[in-house]
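Hi,

Here is the model I promised to pass on.

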Amino acid sequence: MANTGTVEQEARGAESPKRNRILALVALPAACAAYLALSFLTYDQVDEDTFIYLRVAQNLAAGHGYVFNPGDAPLETGSSLPWQLLLVGLVWLPMPLVSATKLLGIAFGLGTLVLVYRLSQRTLAHA
C-alpha cells in the first residue's frame with residue numbers, strides 16, 4: 001500500500017512539469033492580451049503632466065533648450081530625464097506626438113511583461 005502512494009506521488013510529480021510548461025505557454029500571451037486590452041480601453045486618457053513633458057520635448061527638438069516656453073529660463077519639469085529625452089526623438093516621427101508617446105509606453109509595458117516572464121522562468125528553473 002505504501003508503494004502505491006509513492007507511485008501516485010511520482011506520477012503527480014511527473015505531470016507537474018508538463019502542467020507548468022503549459023501554464024507558462026499560456027501565461028505570457030494571456031498577460032500581454034490583458035495588458036493590451038486595458039491599454040486600448042484607456043488609450044484616450046492622458047494625464048495633464050504628459051503635455052508638460054511633450055511641450056518641453058518639442059522645445060528641445062526645436063533647439064530652444066529645456067524650457068516650457070521659448071525664451072524662458074530652463075526649468076525642472078519632471079522626474080524622468082531619460083523618458084523626456086526619448087520623447088524628443090518621437091517629435092520627428094510622422095504621427096501625432098501623443099499617439100507616439102502612448103505607443104512607446106505600451107511597447108515598454110509589453111517589454112516589461114516579457115522580462116518578468118523570462119526572469120521568473122530562470123528563477124523557477126533554478127529552484
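Some housekeeping before that. This is a predicted model, so local features need pLDDT of at least 70 and side-chain atom pairs count only at pLDDT 80 or more, while totals for chains, interfaces and linings use all residues. Residues are numbered from 1 along each chain as its sequence is written, and side-chain values use heavy atoms, with hydrogens and water left out.

**The overall picture**

The protein has 4 helices and 0 strands, which reads as α-α-α-α along the sequence. Helices here are DSSP runs (H or I, at least four residues), strands likewise (E, at least two), and both are numbered from the N terminus. Of the 127 residues, 17% are buried; buried means under 20% relative accessible area, with exposed over 50% and partly exposed in between, using a 1.4 Å probe and protein chains only. Take the contacts with a separation of 6 or more: 55% of them join residues 24 or more positions apart. A contact means heavy atoms within 4.5 Å.

**The core**

Which residues make up the largest nonpolar core? There are 9 of them: Tyr-53, Leu-54, Ala-57, Leu-87, Val-88, Leu-90, Leu-97, Ala-100 and Leu-104. Helix 2, helix 3 (81-90) and helix 4 each put in at least two residues. By a nonpolar core I mean a set of buried Ala, Val, Leu, Ile, Met, Phe, Trp, Tyr and Cys residues joined through side-chain atoms within 4.5 Å. As background, nonpolar side chains in soluble globular proteins tend to be buried together.

**How the helices pack**

A few conventions for the pairs below. Axes are lines fitted to C-alpha atoms (for helices, over the stretch in contact), and angles run from 0 to 180 degrees between N-to-C directions. Angles under 35 degrees count as roughly parallel, over 145 as roughly antiparallel, 65 to 115 as roughly perpendicular and the rest as oblique. A crossing is right-handed if the near helix is turned clockwise from the far one by less than a right angle, and left-handed if anticlockwise. For residue classes, Ala, Val, Leu, Ile, Met, Phe, Trp, Tyr, Cys and Pro are nonpolar, Asp, Glu, Lys and Arg are charged, and the others, Gly among them, are polar.

- Helix 2 with helix 3: the angle is about 60° and the axes are 8 Å apart, so helix 2 is oblique to helix 3. The crossing is right-handed. Tyr-53, Leu-54, Val-56, Ala-57, Leu-60 and Ala-61 of helix 2 touch Trp-83, Gln-84, Leu-87 and Val-88 of helix 3. That contact has 9 nonpolar residues, 1 polar and no charged.
- Helix 2 (residues 48-61) with helix 4 (residues 97-126): here the angle is about 115°, with the axes 11 Å apart, which means helix 2 is roughly perpendicular to helix 4. This crossing is right-handed too. Phe-51, Leu-54 and Gln-58 of helix 2 meet Leu-97, Val-98 and Thr-101 of helix 4, giving 4 nonpolar, 2 polar and no charged residues.
- Helix 3 with helix 4: they pack at about 130° with their axes 10 Å apart, so helix 3 is oblique to helix 4. Their crossing is right-handed. Helix 3 brings Trp-83, Leu-86, Leu-87 and Leu-90, and helix 4 brings Leu-97, Ala-100, Thr-101, Leu-104, Gly-105 and Phe-108.

Start with Leu-87, in helix 3. Leu-87 counts as buried because its relative accessibility is 1%. Beyond its neighbours within four places in sequence, Leu-87 contacts Tyr-53, Leu-54, Ala-57, Leu-97 and Thr-101. Leu-87 and Tyr-53 are 34 residues apart in sequence, with 7.8 Å from C-alpha to C-alpha.

Then try Tyr-53, in helix 2. Tyr-53 is also buried, because its relative accessibility is 13%. Again leaving aside neighbours within four places, Tyr-53 touches Gly-78, Ser-79, Ser-80, Trp-83, Gln-84 and Leu-87. Gly-78 sits 25 residues from Tyr-53 along the chain, and their C-alpha atoms are separated by 7.2 Å.

Cheers
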